[in-house]
Amino acid sequence: MRFETDPTWLDNPVIREGLPTALWETLAMTLGSAAITAALGIVVGVLLHQSAPGGIAPQPTLHRVLGAVVNVGRSLPFLILMIAIIPITRFIAGTTVGWRAMIVPLTVGAVPFFARLVETSLREVSAGKVEAATMMGATRWEVTRKVLLPEALPGIVAGLTTTVIALIGYSAMAGAVGGGGLGATAMSYGYNRFQTDVMIAAVVLLVVVVQVVQVAGDRLARAVDHR
Amino acid sequence: MVDASSDFPAGPEGTPRPTAPALSVHDLTKVFDSRGTTVTALDAVSLVVPRSEIHGIVGRSGAGKSTLIRCLTGLEQPTSGQVVVAGEDITTLRGADLRAARRRFGVVYQHANLLDSRTAADNIALPLEIAGWDKAERDARVTELLELVGLTDRAGNHPGQLSGGQQQRVGIARALAARPEILLCDEPTSALDAATTGQILALLKELRDRLGITVVVITHEPSVVREVCDAVTLLGDGAVLEQGRLGEVIADPTTRLHRELIPLVEPAPDGLARLQVALGHPDSPVGSIDGIISLLRHEGIEADVAAATVETVAGRRVGRLLVELADAALVDRARDVLDHARLHPEVAA
């Protein structure tokens, strides 16, 4: 319940003390899972690309299995995925509450998404460049490290930006189920206790965070793009 | 700084050249089998390229040029036949041996295929990184190659900041980087304008003269063959149709290469009596356009030149021309006169 006399906006302790902590938790779980997603997603994306029919090391079975796993991961709504993998989260993080634990489902949800984006970027590298390196006597590993990944980097950076923004959205959902962060604050004070000022402040902060990530991602993508 | 001409064991002023050809291809056949129907892309193609020669491979689209280049470099496994480079049959090699053998070729592509993520200098360094050269050696070699192709001031530019001709120069420097024995050029000038094409062809010729490198040029452009090749192979439907020294095939009016390499713009048929004449046969007493006109006039036949293409190829004046007769009744006699002078006349439509 809320009373007319309750302090609002900057006088509201939830906004003054709770929001900064919530912002920090959102950033921590987003960036923590983004870092792990970046590493795993590139590995899975490269495997998807290489094993594809017509790829540099076609492996139809591996490609189909990997593709199926990635598709299952992508088709599950995040809320359901998060609940479904609670045992795995507990096994890895030792708990299922708090922002640290939430890094597990966030990563599991984001890796398939980002891996597909990586695969698409790799596919856009022209076959002629790969052939040129092959003709220099390059091994598959050299083709991947010296040609495919550097040439696909602008696309991979743009994909990572999209992934991080999706993670911010997921993190709000994770917050609602005990993960902390801006999502949890907006849910428990803004929605359940009718503190509209908290709701608005949380939304504004989320918008600002998304904008900053997008602008930074665009700049970085442009900086590594020499086309 | 290493003298560029010392890069190749078969340099012009180096030790006596080994007599073995740089590249020899024996009965190379490639049959593609897709869902029951077979397509013969290469049909018993044979080819010998001596060291330090520029060999042109011409043919229309679908003649088998691309399949040939893929089989030469082991990207495609031929159905039968051999590709021998430095005494080694490439078609039998796998894995690390094949990768090592590929370094005997430097490949120049139609669209350069440079990496956008690397500067000009780093693109040239790529084959050296792959071949395992250390940093100091790579830097010295890249400096040397940038100078060789005239792009020293562009070392730090990315491909997107270079013109098409400059990109192709970087492509050529990259192809030469790891000191290959054979420079394989796949339509090297097809994406370039006429002036740039001339510069790139001059560069290829200069590289052959200075470094003694063997060059194979695959092209559909007759001008490329006329300007740089010593010998030429005409492919059609996967088979060798004609093959020989450029000076010989181009002067022989019975060959298809003669017609392909000396294009003649013919006027629309308008009822006038015209004869098509080939200039350049080694046994012909007539070696110029003036000579043809005065030969006819000497026989009392008034004639004029309606169209002509004359070039000096491999030191010999060769050409095709259309001779227009003032009196249509004299066509048969004019043909006899010209035939006698080995000018290979044909009545034009």
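**Reading a two-chain predicted model**

Modeller: Let us begin with one residue: B:Thr67 is found in helix H1 of chain B, which covers residues 65–72. Please bear in mind throughout that this model is predicted.

Colleague: Is B:Thr67 buried or exposed, and why is it classed in that way?

Modeller: A residue counts as buried when its relative accessible area is under 20%. B:Thr67 has a relative accessible area of 13%, and therefore it is buried.

Colleague: Which residues does B:Thr67 touch, leaving aside those up to four places away in sequence?

Modeller: With those set aside, B:Thr67 touches B:Lys30, B:Phe32, B:Ala41 and B:Leu42.

Colleague: What does the UniProt record say about chain B?

Modeller: An unreviewed UniProt entry carries the annotation "domain: ABC transporter" for residues 23–262 of chain B. In the model, that span of chain B is 38% helix and 28% strand, with 28 Å between its end C-alpha atoms.

Colleague: How should I read the meeting of the two chains?

Modeller: The size of an interface is often given as the accessible area lost when the parts come together. Here, chain B and chain A bury about 1,900 Å² between them, and 63% of that area is on carbon and sulfur atoms. In terms of contacts, 22 residues of chain B meet 18 residues of chain A.

Colleague: How many salt bridges are found across the interface of chain B and chain A?

Modeller: The rule finds three salt bridges there. The cut-off for such a pair is a side-chain nitrogen of Lys or Arg within 4 Å of a carboxyl oxygen of Asp or Glu. The side chains of B:Arg70 and A:Glu131 form a salt bridge, with an N to O distance of 3.1 Å.

Colleague: Let us turn to chain A. Which elements does it have?

Modeller: Chain A contains nine helices and zero strands. Its C-alpha trace spans about 75 × 40 × 25 Å along the principal axes. Of its 227 residues, 44% count as buried. Its accessible surface comes to about 11,500 Å², with 68% belonging to carbon and sulfur atoms.

Colleague: How do contacts in chain A relate to separation in sequence?

Modeller: Among contacts in chain A between residues at least 6 apart in sequence, 73% join residues at least 24 apart.

Colleague: Where does UniProt place the feature "transmembrane region" in chain A?

Modeller: The unreviewed entry places this feature at residues 27–48, 69–93, 99–118, 155–178 and 198–217 of chain A. One may then compare the record with the model. Residues 69–93 of chain A are 88% helix and 0% strand, and the end C-alpha atoms are 23 Å apart. Residues 198–217 of chain A are 100% helix and 0% strand, with the end C-alpha atoms 28 Å apart. The record also gives "domain: ABC transmembrane type-1" for residues 23–217 of chain A. That span is 85% helix and 0% strand, and its end C-alpha atoms lie 20 Å apart.

Colleague: Which residues make the nonpolar surface patch?

Modeller: A:Val72, A:Leu76, A:Leu79, A:Ile80, A:Ile83, A:Ile86, A:Met173 and A:Val177 make this patch, of about 640 Å². Helix H3 (78–84) and helix H7 (140–179) of chain A are the elements that give two or more residues to the patch. H3(A) gives the most, with three residues.

Colleague: Where is A:Val177, and why does it count as partly exposed?

Modeller: A:Val177 belongs to helix H7 of chain A. A:Val177 counts as partly exposed because its relative accessibility is 42%.

Definitions and conventions:
Residues are numbered from 1 along each chain as its sequence is written. Chains are lettered from A and ligands numbered from 1 in the order in which they are written. This is a predicted model: local features need pLDDT of at least 70, side-chain atom pairs count only at pLDDT 80 or more; totals for chains, interfaces and linings use all residues. Side-chain values use heavy atoms; hydrogens and water are left out. UniProt positions are given in the numbering used here, feature names are shortened, and annotations may be inferred rather than shown by experiment. Helices (H or I, at least four residues) and strands (E, at least two) are DSSP runs, numbered from the N terminus. Patches are made of residues with over 30% relative accessible area and no salt bridge: like charges are joined within 9 Å, nonpolar side chains (Val, Leu, Ile, Met, Phe, Trp, Tyr) within 5 Å. Accessible areas come from the Shrake-Rupley method with a 1.4 Å probe; for residues, only the protein chains shown count as cover. Buried means under 20% relative accessible area, exposed over 50%, partly exposed in between (1.4 Å probe, protein chains only). Contact means heavy atoms within 4.5 Å. Buried area is the accessible area (1.4 Å probe) that two parts lose on being put together, summed over both.
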